[in-house]
Amino acid sequence: MDPSQVEISSMKNLTTENITENVLQINSLCSDARMKYVLERLVHHLHDFARETRLSSNEWMTGLNFLKEVGQISSDVRQEFILLSDVLGLSILVDSIDHPKPKGSTEGTVLGPFHTQEADEMTHGGLMSHDTQGEPLLVVCTLKDMSGNPIQDVKIDIWETDSSGHYDVQHPDRDGPDGRCIMRSDNTGAFWFKAITPVPYPIPHDGPVGQLLKKLHRHPYRPAHMHFMFEKSGYDHLVTALYIRNDPYETSDAVFGVKDSLVVDIGKASAEVARKYDVPEGHALLTYDFVLMTDDETSSLRDQKSREAMDKLGRKVKIVDGLPIPDLD
Ligand SMILES: [Fe+2]
């Protein structure tokens with residue numbers, strides 16, 4: 001749309017009642033229909049938030065300064081904005097909307113702030129964690145599609161803390177990546193490796209997000225878990241984690257990531273498993289069968305859920321590239 005052709009009413013003398021309509025009007029010059037819709041809803045809710053809370057200037061400035069501090073403490077290895085999104089429940093909400101999962105597929109969970117791009121590729125049976133203080137753990141997994149067929153050559157990113165509850169990037173004097181690796185599923189969809197039994201840990205709480213939790217009387221702990229991320233062309237990108245059953249924080253995860261289907265027991269390697277994977281009999285063992293959805297399966301479910309949600313809101317939209325935009329036709 002040619003901006004010069006759009007009639008904009010005067011931007012003067014705006015009031016608490018008509019400011020929203022005027023901001024939406026000037027923003028409507030945007031030619032990207034999806035961006036225009038997202039900004040429209042954002043401005044609408046932001047303004048309603050201010051009107052509903054009767055937000056004071058001091059509170060507004062406190063909020064802006066808080067966001068400034070979140071930015072200032074962030075770096076390549078400290079993702080304070082992801083952490084903020086996590087503790088507000090936004091990360092898990094967005095994952096549930098963008099990656100809906102039917103029964104039978106592996107559910108997703110929060111990415112968290114500690115995934116990096118620097119993990120080394122590891123062969124099956126390799127040692128992911130070199131922390132000698134941790135309890136050695138054998139992890140044996142399979143990867144299948146919704147019909148039960150094995151999926152081979154999937155890129156799998158795996159990461160966990162050391163036995164003190166810190167990721168490698170939290171140690172300023174580290175030599176290189178540890179407690180993380182990249183593997184590929186074999187032609188039976190299997191992958192297996194040696195790690196350490198995950199432990200609970202506090203999210204970084206020495207920054208603005210930690211101060212926020214303290215004011216809210218919330219603890220910063222996450223239950224023991226190991227992160228997994230699966231990528232293969234044609235399949236929906238899956239970010240998930242496995243949580244160890246009976247962790248003291250299983251029902252009060254600071255970032256709301258726990259789902260029953262992702263809670264696992266640590267077992268013991270039988271004589272047969274011990275022989276096959278070259279570990280002592282009785283060695284700690286974690287097994288899990290992951291199920292990936294295809295891109296097509298995910299996008300059709302996502303479209304269906306979007307339509308249902310928009311119907312509930314009484315909003316007339318069409319779905320373009322998997323995302324709703326107003327249907328003006
Ligand atoms: Fe984590």
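Author: Domain bounds here come from an automatic or database domain assignment. On that basis the protein splits into domain 1 (1–55) and domain 2 (106–204 + 219–293). Their centres, taken over C-alpha atoms, lie 45 Å apart.

This is a predicted model, in which local features need pLDDT of at least 70, side-chain atom pairs count only at pLDDT 80 or more, and totals for chains, interfaces and linings use all residues. Residues are numbered from 1 along each chain as its sequence is written.

Now the sheet. Strands (E, at least two residues) and helices (H or I, at least four) are DSSP runs, numbered from the N terminus. Two strands pair if DSSP finds at least two bridges between them. The sheet is open and has five strands. Their order is β3-β2-β7-β8-β9, and the pairing is mixed. β3 (180–184) and β9 (263–264) are the edge strands; each has a single partner strand, so one side of each lacks a neighbour in the sheet. β9 pairs with β8 (residues 238–244) in the parallel sense, over two bridges.

Next, the annotations. UniProt positions use the numbering given here, feature names are shortened, and annotations may be inferred rather than shown by experiment. An unreviewed UniProt entry annotates residues 128–292 as "domain: Intradiol ring-cleavage dioxygenases". That stretch is 9% helix and 34% strand, with end C-alpha atoms 23 Å apart. The entry, unreviewed, also annotates residues 32–105 as "domain: Catechol dioxygenase N-terminal". Residues 32–105 are 74% helix and 0% strand, and their end C-alpha atoms are 34 Å apart.
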